[in-house]
Amino acid sequence: MASVTDRPADGSPPARTALRWDYAPAPESRDAAPLKPRYDLFVDGAFTAPQDGSVVASVNPASEEVLAEVGFAGPGDVERAVAAARRAAGPWAALPALERGKYLFRIARLIQERARELAIVESLDGGKPIRESRDVDIPLAAAHFFSYAGWADKLSYAVAGRPHRPRGVVGQVVPWNFPLLMAAWKLAPALACGNTAVLKPAETTPLTALLLAEICQEAELPPGVINVIPGAGETGAALVRAEVDKVAFTGSTAVGKEIQRALAGRDIGLTLELGGKSANIVFEDAAIDQAVEGIVNGIFFNQGHVCCAGSRLLLQESVADEVLHKLWQRMQRLRVGDPLDKNTDVGAINSAAQLARIEELVAAGEAEGATRRTISCALPEQGYWFAPTLFTDVAPANRIAVEEIFGPVVSVTTFRTPAEAIERANNSAYGLAAGVWTDMGSKAFEVASALRAGVVWQNTYNKFDPTAAFGGYKESGFGREGGPSGLLPYLKVGA
Ligand code: NDP
(Lines give C-alpha, C1' and ligand atoms only; values in the text may rest on other atoms or scores of the structure.)
Protein backbone atom coordinates (compact mmCIF):
# COMPACT_ATOMS: atom_id res chain seq x y z
CA MET A 1 0.00 0.00 0.00
CA ALA A 2 1.03 3.64 0.00
CA SER A 3 4.22 4.47 1.86
CA VAL A 4 4.47 7.89 3.41
CA THR A 5 7.85 9.29 4.30
CA ASP A 6 8.99 12.58 5.67
CA ARG A 7 11.96 13.67 3.55
CA PRO A 8 14.63 15.48 5.58
CA ALA A 9 14.93 19.22 4.86
CA ASP A 10 18.37 18.81 3.23
CA GLY A 11 16.83 16.58 0.51
CA SER A 12 18.68 13.44 1.56
CA PRO A 13 16.79 10.15 1.24
CA PRO A 14 14.57 9.35 4.21
CA ALA A 15 15.90 6.93 6.79
CA ARG A 16 14.36 3.48 6.38
CA THR A 17 13.17 3.56 9.95
CA ALA A 18 11.15 6.67 9.17
CA LEU A 19 8.99 4.77 6.69
CA ARG A 20 5.33 4.72 7.67
CA TRP A 21 3.10 2.18 6.02
CA ASP A 22 -0.58 2.96 5.81
CA TYR A 23 -3.42 0.91 4.45
CA ALA A 24 -5.30 2.47 1.59
CA PRO A 25 -9.02 1.66 1.70
CA ALA A 26 -9.90 -1.50 -0.22
CA PRO A 27 -13.69 -1.49 -0.26
CA GLU A 28 -15.62 -4.36 -1.81
CA SER A 29 -18.10 -3.03 -4.37
CA ARG A 30 -21.76 -3.16 -3.46
CA ASP A 31 -22.64 -3.35 -7.16
CA ALA A 32 -22.17 -7.12 -7.09
CA ALA A 33 -25.03 -7.43 -4.60
CA PRO A 34 -28.05 -5.48 -5.78
CA LEU A 35 -30.73 -5.76 -3.09
CA LYS A 36 -34.43 -5.65 -3.79
CA PRO A 37 -36.41 -3.02 -1.89
CA ARG A 38 -38.53 -5.77 -0.32
CA TYR A 39 -38.31 -9.49 0.48
CA ASP A 40 -41.25 -11.70 1.40
CA LEU A 41 -41.72 -15.04 3.10
CA PHE A 42 -40.65 -18.11 1.14
CA VAL A 43 -43.48 -20.62 1.53
CA ASP A 44 -44.38 -23.57 -0.69
CA GLY A 45 -41.78 -22.62 -3.29
CA ALA A 46 -42.95 -19.01 -3.76
CA PHE A 47 -42.31 -15.62 -2.20
CA THR A 48 -45.53 -14.46 -0.59
CA ALA A 49 -46.48 -11.47 1.56
CA PRO A 50 -47.25 -12.21 5.22
CA GLN A 51 -50.99 -12.79 5.73
CA ASP A 52 -51.12 -11.71 9.33
CA GLY A 53 -47.53 -10.61 9.94
CA SER A 54 -45.85 -7.31 9.33
CA VAL A 55 -43.07 -5.70 7.31
CA VAL A 56 -39.87 -4.68 9.11
CA ALA A 57 -36.73 -2.93 7.85
CA SER A 58 -33.42 -4.78 7.91
CA VAL A 59 -30.69 -2.35 8.90
CA ASN A 60 -26.94 -2.21 8.22
CA PRO A 61 -25.39 -2.11 11.71
CA ALA A 62 -22.31 -0.32 10.37
CA SER A 63 -24.29 2.67 9.10
CA GLU A 64 -27.86 2.29 10.42
CA GLU A 65 -28.99 2.50 6.78
CA VAL A 66 -32.13 0.56 5.82
CA LEU A 67 -31.10 -2.22 3.42
CA ALA A 68 -34.52 -3.66 2.55
CA GLU A 69 -38.02 -4.20 3.92
CA VAL A 70 -38.66 -7.77 5.02
CA GLY A 71 -41.99 -9.52 5.55
CA PHE A 72 -42.25 -10.98 9.07
CA ALA A 73 -44.37 -14.09 9.60
CA GLY A 74 -47.32 -14.06 11.99
CA PRO A 75 -48.87 -17.16 13.59
CA GLY A 76 -51.01 -17.91 10.50
CA ASP A 77 -47.95 -17.69 8.27
CA VAL A 78 -46.12 -20.14 10.51
CA GLU A 79 -49.03 -22.59 10.15
CA ARG A 80 -49.05 -22.07 6.39
CA ALA A 81 -45.32 -22.82 6.15
CA VAL A 82 -45.57 -25.92 8.33
CA ALA A 83 -48.53 -27.17 6.26
CA ALA A 84 -46.49 -26.67 3.05
CA ALA A 85 -43.59 -28.59 4.56
CA ARG A 86 -46.00 -31.34 5.65
CA ARG A 87 -47.41 -31.70 2.10
CA ALA A 88 -43.89 -31.88 0.68
CA ALA A 89 -42.60 -34.35 3.29
CA GLY A 90 -43.99 -37.60 1.83
CA PRO A 91 -42.85 -37.09 -1.78
CA TRP A 92 -39.46 -35.75 -0.66
CA ALA A 93 -38.82 -38.74 1.61
CA ALA A 94 -39.94 -41.08 -1.18
CA LEU A 95 -37.48 -39.62 -3.69
CA PRO A 96 -34.50 -41.92 -4.36
CA ALA A 97 -31.72 -40.80 -2.00
CA LEU A 98 -29.35 -40.19 -4.89
CA GLU A 99 -31.85 -37.70 -6.37
CA ARG A 100 -32.17 -35.87 -3.04
CA GLY A 101 -28.39 -35.63 -2.97
CA LYS A 102 -28.37 -34.07 -6.43
CA TYR A 103 -30.59 -31.21 -5.22
CA LEU A 104 -28.15 -30.55 -2.37
CA PHE A 105 -25.23 -30.57 -4.81
CA ARG A 106 -27.11 -28.07 -6.96
CA ILE A 107 -27.72 -25.77 -3.99
CA ALA A 108 -24.03 -26.01 -3.04
CA ARG A 109 -22.95 -25.09 -6.57
CA LEU A 110 -25.35 -22.16 -6.72
CA ILE A 111 -24.03 -20.87 -3.37
CA GLN A 112 -20.56 -20.96 -4.91
CA GLU A 113 -21.77 -19.19 -8.05
CA ARG A 114 -23.39 -16.43 -6.00
CA ALA A 115 -20.64 -16.40 -3.35
CA ARG A 116 -19.53 -12.83 -3.89
CA GLU A 117 -23.07 -11.49 -3.69
CA LEU A 118 -23.83 -13.59 -0.58
CA ALA A 119 -20.64 -12.42 1.14
CA ILE A 120 -21.43 -8.76 0.53
CA VAL A 121 -25.02 -9.12 1.77
CA GLU A 122 -23.85 -11.04 4.84
CA SER A 123 -21.45 -8.23 5.73
CA LEU A 124 -24.02 -5.51 5.02
CA ASP A 125 -26.78 -7.14 7.05
CA GLY A 126 -24.69 -8.44 9.96
CA GLY A 127 -21.67 -6.12 10.22
CA LYS A 128 -18.99 -8.81 9.90
CA PRO A 129 -15.78 -8.08 7.93
CA ILE A 130 -16.03 -9.01 4.25
CA ARG A 131 -12.83 -11.04 4.59
CA GLU A 132 -14.64 -13.36 7.00
CA SER A 133 -17.90 -13.58 5.01
CA ARG A 134 -15.92 -14.21 1.84
CA ASP A 135 -13.38 -16.68 3.23
CA VAL A 136 -15.30 -18.41 6.02
CA ASP A 137 -19.10 -18.06 6.09
CA ILE A 138 -19.97 -18.56 2.45
CA PRO A 139 -17.40 -21.25 1.50
CA LEU A 140 -18.32 -23.21 4.63
CA ALA A 141 -22.05 -22.91 3.87
CA ALA A 142 -21.41 -24.40 0.41
CA ALA A 143 -19.15 -27.06 1.97
CA HIS A 144 -21.95 -28.17 4.30
CA PHE A 145 -24.33 -28.68 1.38
CA PHE A 146 -21.62 -30.53 -0.57
CA SER A 147 -20.76 -32.73 2.37
CA TYR A 148 -24.36 -33.69 3.18
CA ALA A 149 -25.17 -34.13 -0.52
CA GLY A 150 -22.66 -36.95 -0.42
CA TRP A 151 -24.31 -38.45 2.67
CA ALA A 152 -27.85 -38.55 1.23
CA ASP A 153 -27.48 -42.04 -0.28
CA LYS A 154 -25.11 -43.34 2.41
CA LEU A 155 -27.23 -42.86 5.52
CA SER A 156 -27.06 -46.51 6.52
CA TYR A 157 -23.30 -46.05 7.10
CA ALA A 158 -24.09 -43.31 9.63
CA VAL A 159 -26.48 -45.57 11.57
CA ALA A 160 -24.48 -48.81 11.42
CA GLY A 161 -26.91 -50.38 8.97
CA ARG A 162 -29.94 -50.09 11.26
CA PRO A 163 -33.37 -49.30 9.76
CA HIS A 164 -34.01 -45.57 9.67
CA ARG A 165 -36.47 -43.03 8.36
CA PRO A 166 -36.77 -39.25 8.31
CA ARG A 167 -38.50 -37.51 11.20
CA GLY A 168 -40.81 -35.50 8.92
CA VAL A 169 -41.12 -31.72 9.24
CA VAL A 170 -38.40 -29.89 11.13
CA GLY A 171 -38.64 -26.41 12.64
CA GLN A 172 -35.30 -24.61 12.72
CA VAL A 173 -34.43 -21.32 14.43
CA VAL A 174 -31.05 -19.70 13.79
CA PRO A 175 -29.24 -16.68 15.26
CA TRP A 176 -27.67 -13.58 13.76
CA ASN A 177 -23.96 -14.29 14.17
CA PHE A 178 -23.51 -16.65 11.18
CA PRO A 179 -26.84 -16.27 9.35
CA LEU A 180 -26.23 -18.26 6.16
CA LEU A 181 -23.79 -20.71 7.70
CA MET A 182 -26.17 -21.63 10.53
CA ALA A 183 -28.97 -22.07 7.97
CA ALA A 184 -26.70 -24.45 6.03
CA TRP A 185 -25.74 -26.36 9.21
CA LYS A 186 -29.43 -26.95 9.83
CA LEU A 187 -30.93 -27.40 6.37
CA ALA A 188 -28.31 -29.59 4.66
CA PRO A 189 -28.45 -32.60 7.06
CA ALA A 190 -32.23 -32.29 7.46
CA LEU A 191 -32.80 -32.52 3.72
CA ALA A 192 -30.17 -35.21 3.19
CA CYS A 193 -32.10 -37.39 5.66
CA GLY A 194 -35.36 -36.85 3.77
CA ASN A 195 -37.02 -34.24 6.02
CA THR A 196 -38.61 -30.99 4.96
CA ALA A 197 -37.90 -27.77 6.84
CA VAL A 198 -39.26 -24.45 8.03
CA LEU A 199 -36.41 -22.07 8.89
CA LYS A 200 -36.70 -18.89 10.92
CA PRO A 201 -33.71 -16.58 10.49
CA ALA A 202 -32.87 -13.99 13.15
CA GLU A 203 -34.73 -10.71 13.19
CA THR A 204 -31.66 -8.59 12.44
CA THR A 205 -30.13 -10.78 9.69
CA PRO A 206 -32.78 -12.32 7.44
CA LEU A 207 -31.35 -11.40 4.02
CA THR A 208 -28.96 -14.22 3.14
CA ALA A 209 -31.52 -16.85 4.19
CA LEU A 210 -33.91 -15.22 1.70
CA LEU A 211 -31.22 -15.30 -1.00
CA LEU A 212 -30.82 -18.99 -0.16
CA ALA A 213 -34.56 -19.32 -0.79
CA GLU A 214 -33.97 -17.79 -4.25
CA ILE A 215 -31.25 -20.38 -4.76
CA CYS A 216 -33.72 -23.15 -3.86
CA GLN A 217 -36.01 -21.84 -6.58
CA GLU A 218 -33.12 -21.75 -9.06
CA ALA A 219 -32.22 -25.32 -8.09
CA GLU A 220 -35.87 -26.29 -8.75
CA LEU A 221 -36.15 -27.78 -5.29
CA PRO A 222 -39.71 -29.13 -4.98
CA PRO A 223 -42.05 -26.55 -3.37
CA GLY A 224 -42.39 -26.85 0.40
CA VAL A 225 -39.13 -28.75 0.99
CA ILE A 226 -37.51 -25.58 2.38
CA ASN A 227 -39.61 -22.70 3.73
CA VAL A 228 -38.04 -19.51 5.09
CA ILE A 229 -40.11 -17.36 7.43
CA PRO A 230 -38.34 -14.28 8.82
CA GLY A 231 -39.72 -12.86 12.03
CA ALA A 232 -39.02 -11.83 15.59
CA GLY A 233 -38.75 -14.04 18.66
CA GLU A 234 -42.53 -14.64 18.66
CA THR A 235 -42.28 -16.22 15.20
CA GLY A 236 -39.62 -18.59 16.53
CA ALA A 237 -41.76 -19.34 19.57
CA ALA A 238 -44.77 -20.11 17.32
CA LEU A 239 -42.66 -22.33 15.05
CA VAL A 240 -41.27 -24.52 17.83
CA ARG A 241 -44.81 -24.98 19.21
CA ALA A 242 -46.30 -25.79 15.78
CA GLU A 243 -47.05 -29.30 14.48
CA VAL A 244 -43.43 -30.10 13.66
CA ASP A 245 -41.65 -33.41 14.28
CA LYS A 246 -38.29 -32.01 15.29
CA VAL A 247 -36.88 -28.70 16.50
CA ALA A 248 -33.30 -27.50 16.02
CA PHE A 249 -32.32 -24.26 17.73
CA THR A 250 -29.13 -22.21 17.91
CA GLY A 251 -29.10 -19.15 20.15
CA SER A 252 -29.05 -18.06 23.75
CA THR A 253 -29.24 -20.47 26.67
CA ALA A 254 -32.25 -18.60 28.08
CA VAL A 255 -34.33 -19.14 24.95
CA GLY A 256 -33.04 -22.72 24.64
CA LYS A 257 -34.34 -23.49 28.13
CA GLU A 258 -37.67 -21.88 27.30
CA ILE A 259 -37.98 -24.09 24.19
CA GLN A 260 -37.11 -27.18 26.23
CA ARG A 261 -39.87 -26.31 28.71
CA ALA A 262 -42.37 -25.66 25.90
CA LEU A 263 -41.66 -29.05 24.30
CA ALA A 264 -41.67 -31.07 27.51
CA GLY A 265 -43.98 -34.05 27.19
CA ARG A 266 -44.06 -34.03 23.40
CA ASP A 267 -42.47 -36.90 21.48
CA ILE A 268 -40.34 -34.55 19.45
CA GLY A 269 -36.65 -34.52 18.59
CA LEU A 270 -34.77 -31.50 19.95
CA THR A 271 -31.24 -30.22 19.45
CA LEU A 272 -30.01 -27.12 21.24
CA GLU A 273 -26.80 -25.32 20.33
CA LEU A 274 -26.55 -22.63 22.97
CA GLY A 275 -24.05 -20.24 24.46
CA GLY A 276 -20.54 -20.70 25.74
CA LYS A 277 -17.76 -19.19 27.80
CA SER A 278 -14.91 -21.14 26.34
CA ALA A 279 -11.44 -21.40 27.86
CA ASN A 280 -8.38 -20.83 25.70
CA ILE A 281 -5.46 -22.30 27.68
CA VAL A 282 -1.85 -21.30 26.95
CA PHE A 283 0.91 -23.41 28.56
CA GLU A 284 4.45 -22.17 29.06
CA ASP A 285 5.82 -24.56 26.43
CA ALA A 286 3.53 -23.23 23.67
CA ALA A 287 4.81 -21.41 20.60
CA ILE A 288 3.94 -17.99 22.02
CA ASP A 289 3.67 -15.97 18.78
CA GLN A 290 1.41 -18.62 17.28
CA ALA A 291 -0.67 -18.69 20.45
CA VAL A 292 -1.11 -14.91 20.34
CA GLU A 293 -2.52 -15.18 16.81
CA GLY A 294 -4.82 -17.93 18.06
CA ILE A 295 -6.01 -15.82 20.99
CA VAL A 296 -6.80 -12.95 18.62
CA ASN A 297 -8.64 -15.26 16.23
CA GLY A 298 -10.38 -16.94 19.14
CA ILE A 299 -11.99 -13.80 20.54
CA PHE A 300 -11.97 -11.07 17.88
CA PHE A 301 -13.16 -13.19 14.92
CA ASN A 302 -16.66 -11.96 14.01
CA GLN A 303 -16.42 -9.28 16.76
CA GLY A 304 -16.58 -12.07 19.32
CA HIS A 305 -20.16 -12.87 18.24
CA VAL A 306 -19.24 -16.55 18.26
CA CYS A 307 -20.81 -19.14 20.55
CA CYS A 308 -17.46 -20.93 20.93
CA ALA A 309 -15.35 -17.73 21.22
CA GLY A 310 -12.26 -18.12 23.39
CA SER A 311 -13.55 -15.50 25.81
CA ARG A 312 -11.75 -16.84 28.91
CA LEU A 313 -8.00 -16.72 28.37
CA LEU A 314 -6.06 -18.89 30.81
CA LEU A 315 -2.32 -18.19 30.86
CA GLN A 316 0.33 -20.19 32.67
CA GLU A 317 1.82 -17.79 35.19
CA SER A 318 5.43 -18.14 33.96
CA VAL A 319 4.56 -16.79 30.49
CA ALA A 320 1.61 -14.55 31.37
CA ASP A 321 3.55 -11.27 31.17
CA GLU A 322 5.11 -12.17 27.82
CA VAL A 323 1.81 -13.29 26.30
CA LEU A 324 -0.05 -10.24 27.59
CA HIS A 325 2.63 -7.91 26.24
CA LYS A 326 2.54 -9.51 22.78
CA LEU A 327 -1.25 -9.76 22.78
CA TRP A 328 -1.65 -6.08 23.59
CA GLN A 329 0.84 -5.14 20.82
CA ARG A 330 -1.09 -7.31 18.38
CA MET A 331 -4.47 -5.97 19.46
CA GLN A 332 -3.36 -2.42 18.82
CA ARG A 333 -2.76 -3.34 15.18
CA LEU A 334 -6.31 -4.63 14.66
CA ARG A 335 -8.22 -2.55 12.17
CA VAL A 336 -11.75 -1.75 13.32
CA GLY A 337 -14.18 -0.23 10.84
CA ASP A 338 -16.09 -0.59 7.58
CA PRO A 339 -17.08 -4.27 7.24
CA LEU A 340 -16.89 -3.98 3.44
CA ASP A 341 -13.23 -2.91 3.53
CA LYS A 342 -11.02 -5.91 2.77
CA ASN A 343 -8.45 -4.69 5.33
CA THR A 344 -10.91 -4.67 8.22
CA ASP A 345 -10.28 -7.13 11.05
CA VAL A 346 -13.14 -6.19 13.38
CA GLY A 347 -16.45 -4.96 11.98
CA ALA A 348 -19.65 -3.58 13.51
CA ILE A 349 -21.59 -4.94 16.48
CA ASN A 350 -24.70 -6.65 15.13
CA SER A 351 -27.35 -4.48 16.76
CA ALA A 352 -27.95 -1.67 19.25
CA ALA A 353 -29.32 -4.25 21.70
CA GLN A 354 -26.15 -6.37 21.49
CA LEU A 355 -23.96 -3.28 21.91
CA ALA A 356 -25.92 -2.34 25.04
CA ARG A 357 -25.38 -5.86 26.43
CA ILE A 358 -21.62 -5.70 25.80
CA GLU A 359 -21.39 -2.25 27.39
CA GLU A 360 -23.34 -3.43 30.43
CA LEU A 361 -21.05 -6.40 31.03
CA VAL A 362 -17.89 -4.38 30.46
CA ALA A 363 -19.11 -1.79 32.97
CA ALA A 364 -19.79 -4.63 35.41
CA GLY A 365 -16.22 -5.88 34.89
CA GLU A 366 -14.83 -2.46 35.81
CA ALA A 367 -17.19 -2.10 38.76
CA GLU A 368 -16.10 -5.49 40.09
CA GLY A 369 -12.47 -4.37 40.08
CA ALA A 370 -10.98 -5.95 36.95
CA THR A 371 -8.46 -3.89 34.97
CA ARG A 372 -9.74 -2.88 31.53
CA ARG A 373 -7.64 -2.08 28.47
CA THR A 374 -9.41 -1.07 25.26
CA ILE A 375 -7.47 -0.27 22.11
CA SER A 376 -7.55 3.32 21.01
CA CYS A 377 -8.91 3.65 17.49
CA ALA A 378 -11.21 5.97 15.57
CA LEU A 379 -14.70 4.49 15.44
CA PRO A 380 -17.25 5.59 12.82
CA GLU A 381 -19.87 8.13 13.95
CA GLN A 382 -22.82 6.07 12.73
CA GLY A 383 -23.54 2.45 13.53
CA TYR A 384 -22.74 0.18 16.49
CA TRP A 385 -19.10 -0.30 17.45
CA PHE A 386 -17.03 -1.67 20.29
CA ALA A 387 -13.23 -1.64 20.24
CA PRO A 388 -11.30 -4.81 21.17
CA THR A 389 -10.94 -5.02 24.94
CA LEU A 390 -8.82 -6.98 27.39
CA PHE A 391 -9.51 -7.51 31.08
CA THR A 392 -6.85 -8.58 33.58
CA ASP A 393 -7.09 -8.97 37.38
CA VAL A 394 -10.27 -10.91 36.83
CA ALA A 395 -11.69 -12.96 39.71
CA PRO A 396 -13.34 -16.27 38.76
CA ALA A 397 -16.69 -15.09 40.13
CA ASN A 398 -16.75 -11.79 38.22
CA ARG A 399 -19.62 -11.49 35.72
CA ILE A 400 -17.13 -11.03 32.85
CA ALA A 401 -15.57 -14.41 33.76
CA VAL A 402 -18.89 -16.20 34.03
CA GLU A 403 -21.41 -14.71 31.57
CA GLU A 404 -21.30 -14.84 27.79
CA ILE A 405 -20.47 -11.33 26.56
CA PHE A 406 -20.73 -12.17 22.85
CA GLY A 407 -18.48 -9.26 21.92
CA PRO A 408 -14.78 -8.44 21.36
CA VAL A 409 -13.88 -8.74 25.04
CA VAL A 410 -11.48 -11.25 26.56
CA SER A 411 -10.95 -11.83 30.27
CA VAL A 412 -7.59 -13.16 31.43
CA THR A 413 -6.71 -15.29 34.45
CA THR A 414 -3.56 -17.25 35.26
CA PHE A 415 -2.79 -20.75 36.49
CA ARG A 416 0.27 -22.66 37.70
CA THR A 417 -0.29 -26.35 36.93
CA PRO A 418 -2.19 -28.33 34.27
CA ALA A 419 -4.56 -29.56 36.98
CA GLU A 420 -5.40 -25.99 37.94
CA ALA A 421 -5.94 -25.07 34.28
CA ILE A 422 -8.36 -27.97 33.86
CA GLU A 423 -10.24 -27.09 37.03
CA ARG A 424 -10.57 -23.43 36.05
CA ALA A 425 -11.57 -24.27 32.48
CA ASN A 426 -14.28 -26.67 33.66
CA ASN A 427 -15.53 -24.22 36.28
CA SER A 428 -18.30 -22.94 34.03
CA ALA A 429 -21.98 -23.56 33.49
CA TYR A 430 -21.13 -23.93 29.81
CA GLY A 431 -19.15 -26.57 27.93
CA LEU A 432 -19.00 -25.74 24.26
CA ALA A 433 -15.35 -25.41 23.21
CA ALA A 434 -11.79 -24.93 24.44
CA GLY A 435 -8.31 -24.31 23.07
CA VAL A 436 -5.08 -25.89 24.31
CA TRP A 437 -1.72 -24.40 23.35
CA THR A 438 1.32 -26.56 24.06
CA ASP A 439 4.20 -28.11 22.16
CA MET A 440 3.76 -31.38 24.05
CA GLY A 441 1.35 -33.80 22.42
CA SER A 442 0.90 -35.87 25.58
CA LYS A 443 -0.07 -32.81 27.61
CA ALA A 444 -2.50 -31.69 24.90
CA PHE A 445 -4.25 -35.08 24.93
CA GLU A 446 -4.31 -35.33 28.70
CA VAL A 447 -5.76 -31.87 29.13
CA ALA A 448 -8.20 -32.18 26.21
CA SER A 449 -9.63 -35.42 27.54
CA ALA A 450 -10.20 -33.84 30.97
CA LEU A 451 -12.05 -30.83 29.58
CA ARG A 452 -15.85 -30.89 29.57
CA ALA A 453 -16.17 -29.20 26.19
CA GLY A 454 -17.72 -30.45 22.96
CA VAL A 455 -14.86 -29.21 20.80
CA VAL A 456 -11.21 -28.86 21.84
CA TRP A 457 -8.78 -27.25 19.44
CA GLN A 458 -5.08 -27.92 19.82
CA ASN A 459 -2.69 -25.12 18.79
CA THR A 460 -5.45 -23.49 16.76
CA TYR A 461 -8.89 -21.98 17.39
CA ASN A 462 -12.21 -21.41 15.63
CA LYS A 463 -11.60 -23.95 12.89
CA PHE A 464 -14.80 -25.41 11.45
CA ASP A 465 -15.27 -28.33 9.12
CA PRO A 466 -18.47 -29.88 7.77
CA THR A 467 -17.15 -33.37 8.45
CA ALA A 468 -16.52 -32.72 12.17
CA ALA A 469 -19.15 -32.81 14.91
CA PHE A 470 -19.91 -29.62 16.83
CA GLY A 471 -22.01 -29.21 19.98
CA GLY A 472 -21.90 -28.73 23.70
CA TYR A 473 -22.21 -30.07 27.22
CA LYS A 474 -24.07 -28.62 30.18
CA GLU A 475 -25.77 -25.26 29.46
CA SER A 476 -24.20 -25.15 25.99
CA GLY A 477 -26.90 -27.57 24.85
CA PHE A 478 -27.09 -31.06 23.43
CA GLY A 479 -27.06 -32.85 20.09
CA ARG A 480 -24.35 -32.57 17.47
CA GLU A 481 -24.20 -30.77 14.15
CA GLY A 482 -21.72 -31.62 11.40
CA GLY A 483 -20.29 -34.90 10.16
CA PRO A 484 -22.16 -38.21 10.40
CA SER A 485 -23.26 -37.39 13.98
CA GLY A 486 -25.09 -34.39 12.55
CA LEU A 487 -27.39 -36.76 10.63
CA LEU A 488 -28.63 -38.62 13.70
CA PRO A 489 -30.96 -35.93 15.09
CA TYR A 490 -32.77 -35.91 11.75
CA LEU A 491 -33.46 -39.65 11.65
CA LYS A 492 -35.68 -42.09 13.52
CA VAL A 493 -33.34 -45.02 13.93
CA GLY A 494 -34.40 -48.60 14.57
CA ALA A 495 -38.06 -47.90 13.93
P1 NDP B 1 -31.80 -15.40 21.00
O2 NDP B 1 -31.60 -16.71 21.61
O3 NDP B 1 -32.93 -14.58 21.49
O4 NDP B 1 -31.96 -15.54 19.42
C5 NDP B 1 -31.67 -16.69 18.65
C6 NDP B 1 -32.82 -17.00 17.69
O7 NDP B 1 -33.98 -17.40 18.43
C8 NDP B 1 -33.29 -15.81 16.86
O9 NDP B 1 -33.74 -16.25 15.61
C10 NDP B 1 -34.42 -15.28 17.70
O11 NDP B 1 -35.31 -14.47 16.98
C12 NDP B 1 -35.09 -16.57 18.13
N13 NDP B 1 -35.93 -16.46 19.31
C14 NDP B 1 -35.99 -15.46 20.23
N15 NDP B 1 -36.90 -15.76 21.19
C16 NDP B 1 -37.42 -16.96 20.88
C17 NDP B 1 -38.38 -17.82 21.49
N18 NDP B 1 -38.97 -17.48 22.63
N19 NDP B 1 -38.66 -19.01 20.92
C20 NDP B 1 -38.05 -19.38 19.78
N21 NDP B 1 -37.13 -18.61 19.14
C22 NDP B 1 -36.81 -17.42 19.68
O23 NDP B 1 -30.47 -14.57 21.12
P24 NDP B 1 -30.35 -12.97 21.13
O25 NDP B 1 -30.33 -12.50 19.76
O26 NDP B 1 -31.35 -12.34 22.02
O27 NDP B 1 -28.92 -12.80 21.79
C28 NDP B 1 -28.79 -12.73 23.21
C29 NDP B 1 -27.58 -13.46 23.68
O30 NDP B 1 -27.66 -14.81 23.29
C31 NDP B 1 -26.27 -13.00 23.08
O32 NDP B 1 -25.74 -11.93 23.75
C33 NDP B 1 -25.45 -14.21 23.18
O34 NDP B 1 -24.90 -14.27 24.46
C35 NDP B 1 -26.40 -15.33 23.01
N36 NDP B 1 -26.41 -15.90 21.65
C37 NDP B 1 -25.75 -17.06 21.44
C38 NDP B 1 -25.70 -17.58 20.18
C39 NDP B 1 -24.98 -18.84 19.90
O40 NDP B 1 -24.60 -19.08 18.76
N41 NDP B 1 -24.78 -19.69 20.87
C42 NDP B 1 -26.32 -16.93 19.04
C43 NDP B 1 -27.05 -15.74 19.37
C44 NDP B 1 -27.07 -15.26 20.63
P45 NDP B 1 -35.03 -12.88 16.96
O46 NDP B 1 -33.73 -12.70 16.29
O47 NDP B 1 -36.13 -12.37 16.16
O48 NDP B 1 -35.05 -12.44 18.39
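Q: What makes β6 and strand β7 a pair?
A: Six bridges join β6 to β7 (residues 66-72), and these strands run antiparallel; because two strands pair if DSSP finds at least two bridges between them, β6 and β7 meet the rule. Strands (E, at least two residues) and helices (H or I, at least four) are DSSP runs numbered from the N terminus. Within this pair, Ser-54 stands opposite Phe-72 in β7. The model is a predicted one, in which local features need pLDDT of at least 70 and side-chain atom pairs count only at pLDDT 80 or more, whereas totals for chains, interfaces and linings use all residues. Residues are numbered from 1 along each chain as its sequence is written, and side-chain values use heavy atoms, with hydrogens and water left out.

Q: Why are β3 and β6 called edge strands?
A: The open sheet is formed by three strands in the order β3-β7-β6, with mixed pairing. β3 (38-39) and β6 (54-59) each pair on one side only, and are therefore its edge strands.

Q: How do you know that domain 1 and domain 2 touch?
A: Contact means heavy atoms within 4.5 Å, and 30 residues of domain 1 are in contact with 29 residues of domain 2. The bounds, which come from an automatic or database domain assignment, are 30-274 + 476-493 for domain 1 and 279-465 for domain 2. Taken over C-alpha atoms, the centres of domain 1 and domain 2 are separated by 29 Å. About 2600 Å² is buried between domain 1 and domain 2, with 58% given by carbon and sulfur atoms; this is the accessible area (1.4 Å probe) that two parts lose on being put together, summed over both.

Q: Why is the pair Arg-131 and Asp-345 called a salt bridge?
A: The term requires a side-chain nitrogen of Lys or Arg within 4 Å of a carboxyl oxygen of Asp or Glu. In Arg-131 and Asp-345 the closest N and O atoms are 2.6 Å apart, so the pair qualifies. The count between domain 1 and domain 2 is one salt bridge. On the side of domain 1 that touches domain 2, α3 (115-126) and α4 (130-151) are the elements giving two or more residues, and α4 gives the most, with six.

Q: What makes Lys-257 and Glu-475 a link between distant parts of the chain?
A: Lys-257 lies in helix α9 (residues 253-263) and Glu-475 in the loop between β22 (473-474) and β23 (477-478), 218 residues apart. The closest N and O atoms of this salt bridge are 3.1 Å apart, and a search of the whole structure finds 28 salt bridges.

Q: How do you know which residues Trp-176 touches?
A: By the contact rule, not counting residues up to four places away in sequence, Trp-176 touches Ala-202, Thr-204, Thr-205, His-305, Asn-350, Gln-354 and Phe-406. Trp-176 is placed in the loop between β9 (169-173) and α6 (179-192). The C-alpha atoms of Trp-176 and Thr-204 are separated by 6.5 Å, although these residues are 28 apart along the chain.
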